[in-house]
Amino acid sequence: RSIDVANELRFTKASVSVAMKSLREEGYIVVATDGDISLTDKGIQIAENMYERHTVIAKCLIKLGVSEETAYSDSCKIEHDISDESFLKIKEFLENYEK
């Protein structure tokens, strides 16, 4: 529910409401009459892609010597702004490094 999202992320109810409206209009979520929020297939795909970016970037930062806490915190910031090209190169580099 939107209220749960607001409480968990410490955002205002109004901010979450605006974000939920946008996500709903873009077809990423559906909101049931009881307020339960579910991801659509389109929303699941975006979430999976974002989670992959998050984990790959964090792992790369950790390999570079960044503390785990900082790596995951920074990854949250980087994952939203990095280009597909740069992300794919980081992912490729990490895969080769781990071999």
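Is Arg10 buried or exposed? At 78% relative accessibility, Arg10 counts as exposed (buried means under 20% relative accessible area, exposed over 50%, and partly exposed in between, with a 1.4 Å probe and protein chains only). The model is predicted, so local features need pLDDT of at least 70 and side-chain atom pairs count only at pLDDT 80 or more, whereas totals for chains, interfaces and linings use all residues. Residues are numbered from 1 along each chain as its sequence is written, and side-chain values use heavy atoms, with hydrogens and water left out.

Arg10 is located in the loop between helix 1 (2-9) and helix 2 (13-25); helices (H or I, at least four residues) and strands (E, at least two) are DSSP runs, numbered from the N terminus. The phi of Arg10 is positive, near 60 degrees, in a residue other than glycine. Most residues other than glycine have a negative phi. A positive phi is also found at Gly65, which follows helix 3 (41-63) and has a value near 105 degrees. Leu64 belongs to the loop between helix 3 and helix 4. With a relative accessible area of 63%, Leu64 is exposed.

Helix 3 comprises 23 residues. From its first C-alpha to its last, helix 3 reaches 33 Å, close to the 33 Å expected at 1.5 Å a residue (the expected span is 1.5 Å times one less than the number of residues). The buried residues of helix 3 are Gly43, Arg53, His54, Thr55, Val56, Ile57, Ala58, Cys60 and Leu61. They pack against strand 2 (37-39), helix 4 and helix 5. Within helix 3, His54 has a relative accessible area of 14% and is buried. Leaving aside residues up to four places away in sequence, His54 touches Tyr72, Ser75, Cys76 and Glu79, where contact means heavy atoms within 4.5 Å.

Helix 4 (residues 68-81) has 14 residues and spans 20 Å from its first C-alpha to its last, close to the 20 Å expected at 1.5 Å a residue. A bend of about 30 degrees occurs in helix 4 at Ser75, the bend being the angle between axes fitted to the seven residues ending there and the seven starting there. Ser75 is also one of the buried residues of helix 4, together with Ala71 and Glu79. What covers these buried residues includes helix 3. Ala71 touches Ala58, Leu61, Ile62 and Val66, not counting residues up to four places away in sequence. His80, by contrast, lies in helix 4 and is exposed, with a relative accessible area of 54%. The C-alpha atoms of His80 and Met50 are separated by 7.8 Å, with the two residues 30 apart along the chain.

The largest nonpolar core consists of 7 residues, namely Val56, Ile57, Leu61, Ala71, Ile82, Phe87 and Leu94. Such a core is a set of buried Ala, Val, Leu, Ile, Met, Phe, Trp, Tyr and Cys residues joined through side-chain atoms within 4.5 Å. Helix 3 and helix 5 (84-98) are the elements that give two or more residues to this core. The largest share, 3 residues, comes from helix 3.

The count of aromatic pairs comes to 1. Rings of Phe, Tyr and Trp (its six-membered ring) pair if their centres lie within 6.5 Å; planes under 30 degrees apart count as stacked, over 60 as edge-to-face and the rest as tilted. Phe93 and Tyr97 form a stacked pair, at 6.2 Å centre to centre and with 25 degrees between the planes. Both residues lie in helix 5, 4 residues apart, about one turn of the helix. Phe93 is partly exposed at 47% relative accessibility.

The structure holds 0 disulfides, a disulfide being a pair of cysteine sulfur atoms within 2.5 Å. The sulfur of Cys60 is 16 Å from the closest cysteine sulfur, in Cys76, and is therefore too far for a bond. Cys60 is buried, with a relative accessible area of 10%, whereas Cys76 is partly exposed at 38%.
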